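Please consult the sequence and the model shown here.

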Amino acid sequence: KMLDKVSFDVRKGEILGIAGVEGNGQKELVDMLFHFSVPSGGTAEVNGENLLGQPQQRIREMGVSLVPEDRMLYGIAGDATIEENVLSDRSGSKAFNKGPLFNMKAIHAEADRLIDEYTVLCKSRRQHVAMLSGGNIQKVVVAREFSNDPVLILADQPTRGIDVGATEFIRKKLVELSRSGIAVLLISADLNEVMELSDSLIVMHNGRIAAYFEDTASLTDDVMGEYMLGLKEQSAEEIGRVCHD
């Protein structure tokens with residue numbers, strides 16, 4: 001399914017959730033926003049700059065972070081160490097480079113700090129990521145993606161298939177980051193997760209936005225279900241409220 005006239009804004013300090021039965025355009029949306037695919041038209045702007053079609057390095061420079069749906073395929077390099085994975089997006093930064101040489105002391109210190117802050121259970125920063133449990137692998141991914149000063153976090157199924165402890169930790173971090181002024185787009189097939197964490201919510205069906213709820217506080221599973229299954233669709237005016245220009 002491709003996307004059809006999907007238009008929305010994510011505001012600073014807001015978690016905007018995207019709910020829907022899987023296969024209704026959520027994956028395509030994330031793929032386009034992070035250059036896994038290039039759309040035939042449209043724009044997606046971060047602070048006024050269009051990111052569609054930009055290389056991933058440039059998208060990262062614009063302040064966009066991605067917690068990918070498939071952590072093993074897109075989130076980590078299993079054969080690399082925790083340290084290499086957690087700092088892989090910033091190895092070129094001045095903090096870690098002295099001319100042609102790496103500042104290994106600074107790299108080790110930052111890796112240890114992130115392992116500690118994100119409570120990654122491991123033997124040491126030199127351990128291969130593939131040796132960790134699913135929850136700890138996901139903590140390595142979020143430690144990297146949450147700590148690089150993002151303006152927008154794309155969190156795609158951030159707690160899928162991980163233990164309760166890691167799930168709670170990651171959910172709490174997402175809320176903390178949004179409250180600090182970061183915009184969060186949360187895509188989750190877990191209805192409880194998306195309803196509990198989101199400030200506002202989009203429901204997608206068949207590649208379109210079927211509903212927009214400005215406040216999730218009074219939402220029920222039943223109401224959501226009707227829009228998710230395509231039994232109901234809001235008017236264009238109601239859906240249009242998700243654009244806040």
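The following text treats a helix pair, a further helix and a loop residue in turn.

The model is predicted: local features require pLDDT of at least 70 and side-chain atom pairs pLDDT 80 or more, whereas totals for chains, interfaces and linings use all residues. Residues are numbered from 1 along each chain as its sequence is written, and side-chain values use heavy atoms, without hydrogens and water.

Helices (H or I, at least four residues) and strands (E, at least two) are DSSP runs numbered from the N terminus. Helix 6 and helix 7 pack at about 15°, their axes 10 Å apart; they are therefore roughly parallel (an angle under 35 degrees). Contact means heavy atoms within 4.5 Å, and the residues that meet are tabulated below.

In helix 9 (residues 221–228), M224, G225, Y227 and M228 are buried, that is, under 20% relative accessible area with a 1.4 Å probe, protein chains only. These residues lie on the same side of helix 9, because they cover an arc of only 165° around the axis, taken from the directions from the axis to the C-beta atoms. Their packing partners are strand 1 (15–19), helix 8 (191–197), strand 9 (200–205) and strand 10 (208–213). Just after helix 9, G230 has a positive phi of about 80°.

R90 belongs to the loop between helix 4 (82–86) and strand 5 (97–98). With 12% relative accessibility, R90 counts as buried. Beyond four places in sequence, R90 contacts residues including F96, E110 and R144.

Conventions:
Buried means under 20% relative accessible area, exposed over 50%, partly exposed in between (1.4 Å probe, protein chains only). Axes are lines fitted to C-alpha atoms, for helices over the stretch in contact, and angles run from 0 to 180 degrees between N-to-C directions. Angles under 35 degrees count as roughly parallel, over 145 as roughly antiparallel, 65 to 115 as roughly perpendicular and the rest as oblique.
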